[in-house]
Amino acid sequence: MAQAPDPSTVPTAVHSPPAAGRSTSRFRRPGFLKHLGSDIPASLVVFLVALPLSLGIAAASGAPIMAGLIAAAIGGIIAGSLGGSPLQVSGPAAGLTVVVAGLVQEFGWQVTCAITAAAGVVQLLLGISRVGRAALAVSPVVVKAMLAGIGITIILQQIQVLLGAEPAGSALENLGALPAAITNVELHAALLGLTVVGILLGWKYLPAAVRRVPGPLAAVAAGTALSVAFAPAVQRISFEGSIFDAVALPQLPEGNWRAVVFAVISMALIASIESLLSAVAVDKMHTGARTNLNRELVGQGAANIVSGSLGGLPVTGVIVRSATNVEAGAATRASAVLHGIWVLAFSAIFAGLIQLIPLSVLAGLLVVIGARLLKVADVRTSLRTGDLLIYVVTLLCVVFLNLLEGVMIGLALAAASVLWRVLRAGIHAHQPVSPSDPWRVTIAGSCSFFALPRLNRVLHSVPAGTAVVVELNADYVDHAFREALIAWQKQHEAAGGTVRLEEHGNTLFQDAAHRTPQRQEARELPLPPRTSWQSAGPSGNGAVDSAGGADSQLGSLLAGINKYHRRFADQVKPLVQDLADGQDPDTLFVACVDSRVNPNLITSSGPGDLLTLRNIGNVVCHEGQDASIDSALSFAVKGLNVHSIVIGGHSNCGAMKAVIEDAAGNGNAPLGAGFDAWLNHARPSYRELAHHPVALAAEAAGYNQVDQLAMVNVAVQLHKLECHPVVGPELAAGRVQATGLFYDIATARVLLVERGGIRFLDPAQAAKAAAPTLMR
């Protein structure tokens with residue numbers, strides 16, 4: 001047998017993963033320069049996309065305009081250098097617009113900056129605590145509804161600006177003020193905003209050469225140029241000085257610390273979730289290094305500490321800029337860092353150009369951004385998965401309450417939905433089809449105390465004094481459920497009825513009595529032997545009659561058929577409907593008649609897969625020796641065109657024992673002359689037992705003489721197939737393959753029998769056989 005490989009000789013991977021705490025940043029490696037040819041062009045494209053978005057988000061948040069550019073520069077440089085995502089680009093994001101606007105209105109800008117810095121500290125601690133992956137334990141439907149709610153809020157707010165009006169503080173107020181804004185529309189502002197919307201919507205239809213320029217940049221530039229030419233009096237962005245003059249130190253609040261703490265936690269959680277979800281989405285866009293989520297939180301936290309300390313907006317990972325970065329061909333994190341440097345340089349040198357941009361132009365840009373957060377595909381998915389209620393409730397709460405309350409309500413509703421779906425048990429009572437049949441109570445799913453009200457209602461709908469079969473198909477059973485079912489059983493039997501429990505699920509009913517409830521590994525096996533579930537009882541109740549005899553055996557068989565009809569017939573029906581008019585098996589399996597051998601079980605086969613020929617000793621014959629075997633071989637090879645023939649032997653075979661006893665002179669007279677004559681098909685195997693390589697290999701593996709002979713018999717029958725006039729030519733031409741198997745009943749393992757020996761097909765058994773000693 002082959003020896004197990006020495007672990008010291010197993011080759012190791014050339015590139016091992018970095019140790020914890022070691023930087024994976026290519027930006028710090030001497031070789032990062034070779035990627036600048038890809039990173040510099042990508043960083044310029046991302047810069048052009050980020051510039052108008054940052055200005056628009058700052059305007060929508062009620063913050064100083066330059067706060068958006070400060071956050072964009074810091075997000076690119078700090079988060080890009082320290083974060084765990086190699087290609088994610090960070091900056092101010094639309095997802096926090098509503099939160100920041102509320103904080104600015106309640107506390108003022110400088111206190112909001114302090115809240116941003118404190119939220120960064122919380123993110124930093126979360127990253128150091130290595131809970132990054134835990135932050136992903138958020139229902140996707142809640143996140144999608146949150147983004148949609150943010151989109152609607154932004155649209156309602158920015159439509160006011162686009163029409164030349166002042167936005168209100170809440171979505172409901174903006175919705176109520178919409179008729180007045182339409183009536184008193186400022187025509188120049190509205191036309192400029194609609195022009196931007198039209199450019200952005202039609203940009204994807206333009207030639208590829210034109211689309212190399214980012215759509216947002218082109219739309220803002222076009223809208224600004226039109227305003228300078230035709231609407232010089234329209235309201236524009238205004239600020240004093242450059243980006244360095246806009247730096248504002250944070251300020252502590254004068255009171256209301258509870259609201260401040262709540263705001264810090266809210267901002268930290270929302271920013272972390274948005275950044276991590278964006279990083280996971282970016283990972284799906286490329287084949288490079290994956291994101292270290294804990295390190296990404298550290299990078300985002302550091303960026304928010306710096307941004308808040310310098311008067312910038314909150315920073316998150318932004319999927320729009322990140323996707324642009326990937327599509328532009330970025331190779332390393334250098335692209336994100338360089339994009340931040342370009343933002344900083346532009347803001348310092350060309351600040352005057354920014355003040356030419358009309359507010360309605362940015363409003364048109366933000367209306368499109370908000371609309372893109374609303375995705376019809378998300379609504380369809382939630383409808384298909386049964387989460388539409390969660391989606392709608394979360395969206396409405398985000399729009400008409402606030403972001404955090406909406407998300408919390410959505411998460412609570414999602415958790416309740418999970419509890420309902422996971423912990424709900426299907427419990428039904430079925431009336432007898434005929435007077436001799438018992439009542440049936442079917443129980444499926446998680447059987448916990450949550451299901452007790454329904455269990456009690458269904459069980460008490462069963463008439464007293466009747467025979468009842470309880471079919472338990474559970475993946476979880478707790479002590480309370482077991483006690484309730486046993487209590488009803490005692491009550492029902494005291495009233496003259498009978499109760500029999502049949503278990504079909506993963507979790508056993510009796511286990512709930514003496515150990516902590518737990519889910520068991522799923523069982524995919526077909527029905528176990530009938531003796532393992534059939535219990536004695538009145539024959540009229542479908543159970544085995546304890547008196548024994550032929551009637552008892554027929555009752556047992558009919559009980560099994562009854563169970564098949566109740567539990568499995570409808571499941572089998574779709575599998576056999578296509579076989580109703582004919583069969584097309586790919587294998588002829590020659591097996592022993594032994595009741596312990598199930599060819600379909602050991603080959604994981606279903607109806608129509610195997611053509612099975614069973615006889616004593618799993619033998620074939622030379623042509624003309626047995627018409628039954630000859631006809632089966634001809635039908636399989638010529639009639640059904642099978643591709644393979646399997647000879648399957650097994651351990652502790654009675655035919656092999658009989659051959660050995662006959663060779664010892666004991667004979668097989670009690671079994672009759674016919675049985676003795678049949679053994680002639682297996683006796684050639686005994687003559688080869690002493691010297692056959694299969695026997696030697698089986699002996700070396702620790703198998704006894706009976707099992708050695710069973711394996712040699714498989715090899716001999718394979719040789720007979722090669723000499724058969726029907727099968728032999730097909731084997732020689734390669735149109736049919738012949739395989740030998742041996743089923744070891746004691747271990748429930750299958751071996752491959754080859755011309756020169758045996759081979760273990762179970763990896764664990766093969767490794768054990770390859771060890772220096774074999775304990776059997």
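**Exercise 1.** Identify the exposed residues on the face of helix H19 turned away from its buried side.

*Solution.* That face carries Lys490 and Ala494. Exposed means over 50% relative accessible area, buried under 20%, and partly exposed in between (1.4 Å probe, protein chains only). Helices (H or I, at least four residues) and strands (E, at least two) are DSSP runs, numbered from the N terminus. The model is predicted: local features need pLDDT of at least 70, side-chain atom pairs pLDDT 80 or more, while totals for chains, interfaces and linings use all residues. Residues are numbered from 1 along each chain as its sequence is written, and side-chain values use heavy atoms, without hydrogens and water.

**Exercise 2.** Determine how the buried residues of H19 are arranged and what covers them.

*Solution.* List them: Phe481, Arg482, Leu485, Ile486, Trp488 and His492. The arc uses directions from the helix axis to the C-beta atoms. Their cover includes strand E3 (425-430) and helix H18 (452-459).

**Exercise 3.** Classify the ring pair of Tyr703 and Phe742.

*Solution.* Search the whole structure: three aromatic pairs turn up. Rings of Phe, Tyr and Trp (its six-membered ring) pair if their centres lie within 6.5 Å; planes under 30 degrees apart are stacked, over 60 edge-to-face, the rest tilted. For Tyr703 and Phe742, the centres are 6.0 Å apart and the planes stand at 85 degrees, so the pair is edge-to-face. Tyr703 sits in the loop between H26 (693-700) and H27 (705-723), Phe742 in strand E10 (residues 737-744), so the pair ties together parts 39 residues apart in sequence. Both Tyr703 and Phe742 are buried.

Conventions: Contact means heavy atoms within 4.5 Å.
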